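Visitor: I am new to this structure and would like a close look at a single part of it. Please take me through that part slowly, and then show me what lies around it.

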Amino acid sequence: MKRLIWMIFVTLLAAGVAAQTKVVERSAKKVPGWLNTAVEDYLVVSVTAGSLAEGQTKALTEITERIIQSVASNVTVSKKNTLSEVNVNGIIESSDAFTQISRIKSANLPFLKGISLSNVEEIYWEKVQDKATKKEHYNYSVKYPFSRLEQRKLTAEFEALDAGQVARYEALEQKIGAIESADEISRAITELNTLSEYFFDDVRLSRVKGLTARYRQLYDALTLTGTFLESGKYQCQLLLDGNPIKVAAKPKVTS
């Protein structure tokens, strides 16, 4: 019933919009049957843009965010209702669609690198003019293959990647209490900086930043002590919280 009411609302709203605008150009004489429908094993994406080039860019962004949402379940996104349904592989997972504003650093997720407009199976666009203002825009739609099998494959790859990154963080968290050399501090900070580029959710990113700050504080806990030996030699020892640690670099005396 709720879905029926939503469909009626969309139809009435579309009719109102159509009364104020007219299509002045389109990519095909006939509107494709997949437009604004749920198609199994496909993502159907529609965007509004000022040009065809902008429409392509927006469509690719929307496709990417839909795949992110279906694969990486803990991605933080903002949602707001729009006039289309969310469809993943023919299954309506939500009665409301949404525009996603993702805060994920997608370049660091390998499973997104295969997403490309070259994979689009069908494209349909309309050039629409406002009857009153004569302003024009494009309604740009694409039919993108994304099967349930592909979703499961990408999810498994993502979960393996994510588990590996979490393991790296946990190892560094345990290591901070057992530092044996000054070089381990700098290496840990470098690795944590890499992890901060991967962790896209606020909770884990905050933990990485907190651990990085703790490692940096270790530098303040370093002290240098030494003892004069016979034959004019001086033996130095680097301490971390009073405990001796190793130094790879050979010290140089400047004065």
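Are helix 4 and helix 5 roughly parallel or roughly antiparallel to each other?

Guide: This is a predicted model, and the protein chain in it has five helices and eleven strands. Helix 4 covers residues 182-198 and helix 5 covers residues 202-220, and their axes come within 10 Å and cross at roughly 160°. Angles over 145 degrees count as roughly antiparallel, and helix 4 and helix 5 are therefore roughly antiparallel to each other. The crossing in which helix 4 passes helix 5 is left-handed.

The residues that bring the two helices together can be picked out on both sides. From helix 4 come Ile185, Ser186, Ala188, Ile189, Leu192, Asn193, Leu195 and Ser196, and they meet Leu205, Val208, Leu211, Thr212, Tyr215, Arg216, Leu218 and Tyr219 of helix 5. Sorted by class, this contact of helix 4 with helix 5 has eleven nonpolar residues, four polar ones and one charged one.

Helix 4 also has helix 3 as a partner, and the axes of these two helices come within 11 Å and cross at roughly 150°. That angle makes helix 3 roughly antiparallel to helix 4, and the crossing of helix 3 and helix 4 is left-handed. On the side of helix 3 the contact is made by Phe158, Leu161, Asp162, Gln165, Arg168, Tyr169, Leu172 and Lys175, while helix 4 brings Glu184, Ala188, Glu191, Leu192, Thr194, Leu195 and Tyr198 to it. By class, the contact of helix 3 with helix 4 has eight nonpolar, two polar and five charged residues.

From these contacts we can turn to the interior. In soluble globular proteins, nonpolar side chains tend to be buried together. Here the largest nonpolar core has 41 residues, and the members that touch the most other members are Ile63, Ile67, Phe111, Leu192 and Tyr215. At least two residues of this core are supplied by each of strand 2 (42-49), helix 2 (52-71), strand 8 (136-145), helix 3 (148-175), helix 4, helix 5 and strand 10 (234-240). It is helix 4 that gives the most to this core, with seven residues. Leaving aside residues up to four places away in sequence, isoleucine 63 touches Leu43, Val45, Ile115, Val142 and Tyr144.

Glutamine 237 is partly exposed, with a relative accessible area of 30%, and, when residues up to four places away in sequence are not counted, glutamine 237 touches Thr223, Leu224, Thr225, Pro244 and Ile245. Between glutamine 237 and threonine 227 there are 8.6 Å in space, C-alpha to C-alpha, and the two are ten residues apart in sequence.

For a buried residue elsewhere in the chain, look at threonine 21, which has a relative accessible area of 17% and has its place in strand 1, residues 21-26. Again not counting residues up to four places away in sequence, threonine 21 touches Val128, Gln129, Asp130 and Lys131.

Finally, two values describe the chain as a whole. Of its 255 residues, 34% count as buried, and among contacts in the protein chain with a separation of 6 or more, 64% are accounted for by residues 24 or more positions apart.

Conventions. Residues are numbered from 1 along each chain as its sequence is written. This is a predicted model: local features need pLDDT of at least 70, side-chain atom pairs count only at pLDDT 80 or more; totals for chains, interfaces and linings use all residues. Side-chain values use heavy atoms; hydrogens and water are left out. Axes are lines fitted to C-alpha atoms, for helices over the stretch in contact, and angles run from 0 to 180 degrees between N-to-C directions. Helices (H or I, at least four residues) and strands (E, at least two) are DSSP runs, numbered from the N terminus. Angles under 35 degrees count as roughly parallel, over 145 as roughly antiparallel, 65 to 115 as roughly perpendicular and the rest as oblique. A crossing is left-handed if the near helix is turned anticlockwise from the far one by less than a right angle, and right-handed if clockwise. Contact means heavy atoms within 4.5 Å. Ala, Val, Leu, Ile, Met, Phe, Trp, Tyr, Cys and Pro count as nonpolar, Asp, Glu, Lys and Arg as charged, and the others, Gly among them, as polar. A nonpolar core is a set of buried Ala, Val, Leu, Ile, Met, Phe, Trp, Tyr and Cys residues joined through side-chain atoms within 4.5 Å. Buried means under 20% relative accessible area, exposed over 50%, partly exposed in between (1.4 Å probe, protein chains only).
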